[in-house]
Amino acid sequence: MENNVYLYPHSWAEAHRLGEAALWDASFHANVSCARDIEAAIRVYRDSCGALKPEASQKVLERWGFKRTNFVLANTMEGLGFYREQLSAESRDWQSKIYVPPDRGHNRYFEVDTALLYLDTFISQVREAYDKLELFGPEHCEPNSYEALGYEGRVLVLSPDTLKESCWTPQNQLWLAHDGFGCRPHAIGRSIRCTCLGDEEMTRWNRTDFTGVLKEDFLPGWAREKLEELQGQNAGMGGMRMT
């Protein structure tokens, strides 16, 4: 996977203002290459009836990963204008959750040039591949976690964006928060000392690294067992509070 190239999140103008032109340039060229690879995969992986084979998205994801592939696809949809309405509601909803900074002078170079039917199918394949990872997201967290909830003693969901894609598993996302200024929603400090329920690694993350507090209904059996074990080992640490 060519994810060693940082996916730069800002426009060309913002990159130059911040003195990060080199980061933008490397990311831009990777975006363009990814778009061309998507076009090639769509041309190559069609069956005799013209339907797109699953290998199309698999090959692109193997090389570029979800983050850049999603970024390029979302940019492509943004460039469609009113033609975007011809794509499925699921694809349009998916694209609305991915921010691509306005930069028409450059973004047009990494739009995928293909028929809308194939684009829609390719996006569906990518969405399905992501769903199979069974990662935790905002829908699994208590509402307004970041703004309103204390995190101490609670199980938190680490955002996938914080992790390398090779570490994208539910086991790497669930962390028991112990202490730190970041446990309080309005504290100036953001650091939180916590333990991973997957492998018991203890480290510090920032409050902004977490999606939120996991809803109790979504706590897997393996995580509940590990949580009880950790709480037994560290009785003074306090139990998990879900509400």
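Hello everyone. First, a word on what we have: this is a predicted model, where local features need pLDDT of at least 70, side-chain atom pairs count only at pLDDT 80 or more, and totals for chains, interfaces and linings use all residues. Residues are numbered from 1 along each chain as its sequence is written, and side-chain values use heavy atoms, with hydrogens and water left out.

Let's begin with confidence. The pLDDT is the predictor's confidence in each residue, from 0 to 100. Its mean over the protein is 91, and 95% of the residues reach 70 or more. Where pLDDT is low, the predicted coordinates should not be read in detail.

Now to the sheet. Helices (H or I, at least four residues) and strands (E, at least two) are DSSP runs, numbered from the N terminus. Two strands pair if DSSP finds at least two bridges between them. In what order do the five strands of the open sheet lie? The order is β4-β3-β2-β1-β5, with antiparallel pairing. At the edges, β4 (202–206) and β5 (210–213) each pair on one side only. From one strand to the next, the twist averages 45°.

Let's go pair by pair. β1 (residues 155–158) joins β2 (residues 174–179) over three bridges, and Val157 has Leu174 as its bridge partner in β2. Four bridges link β2 to β3, where Asp179 is partnered by Arg193 of β3. Between β3 and β4 there are five bridges, and Ile192 stands opposite Trp205 in β4. β3 and β4 also form a hairpin with five residues between them, and Glu200 in that turn has a positive phi of about 65°.

What lies across β1, β2 and β3? That is helix α8 (residues 221–233), running at about 25° to β2. Axes here are lines fitted to C-alpha atoms, for helices over the stretch in contact, and angles run from 0 to 180 degrees between N-to-C directions.

Ser57 counts as buried because its relative accessibility is 4%; buried means under 20% relative accessible area, exposed over 50%, and partly exposed in between (1.4 Å probe, protein chains only). Leaving aside neighbours within four places in sequence, Ser57 contacts Phe122, Gln125 and Val126.

Note on methods:
Contact means heavy atoms within 4.5 Å.
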